[in-house]
Amino acid sequence: MKTTIAAALLGLLTASAFAQTVYGSGSNGYSWQTQQIGSQTYGSDNKGNSWNNQQIGNQNYGSDNRGNSWNSQQIGNQTYGSDNRGNSWNAQRIGNQTYINGTGGRTVTCQTIGFQTFCN
């Protein structure tokens, strides 16, 4: 699972229906920001990547500036997704913690405090 998809997913899990910006960072120096306006989420990171995502009901559809695309379905506090490169993931949000499990056993844990998200 690429970090862009993880950041996009976190933007969806942390943003509300109002226009707001959410900032995130990882322990490896990676950082991103997302802005949600209605059902659209726009994101960018410190590596020159950008992406957008649209939420329709509990379905999410996204793409980025590198030709990647993904979709996911949210059921309660669980999100299940896959992309056009054969990756899949599931995420669970419990309080301010988000746990993401991706293809190949990769896991990411994130904590959201206000509009800031920190990931390992």
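I began at the hairpin of β10 and β11, which has 2 residues between the strands and in which G114 takes a positive phi near 65 degrees; strands here are DSSP runs of E, at least two residues long, numbered from the N terminus. This is a predicted model, in which local features need pLDDT of at least 70 and side-chain atom pairs count only at pLDDT 80 or more, while totals for chains, interfaces and linings use all residues. Residues are numbered from 1 along each chain as its sequence is written, and side-chain values use heavy atoms, with hydrogens and water left out.

I then looked up the pairing of β10 and β11, which is antiparallel over 4 bridges (strands pair if DSSP finds at least two bridges between them), and noted that C110 has C119 as its bridge partner in β11.

Next I turned to T117 in β11 (residues 116-119), which counts as buried because its relative accessibility is 1%, where buried means under 20% relative accessible area with a 1.4 Å probe and protein chains only, exposed over 50%, and partly exposed in between. The side chain of T117 makes a polar contact with that of T112 at 3.1 Å (a pair of N or O atoms within 3.5 Å, one able to donate a hydrogen and the other to accept it; residues adjacent in sequence count only if both atoms are side-chain atoms).

I checked the faces of β10 and found V108, C110 and T112 on the covered one, with T107, T109, Q111 and I113 on the uncovered one.
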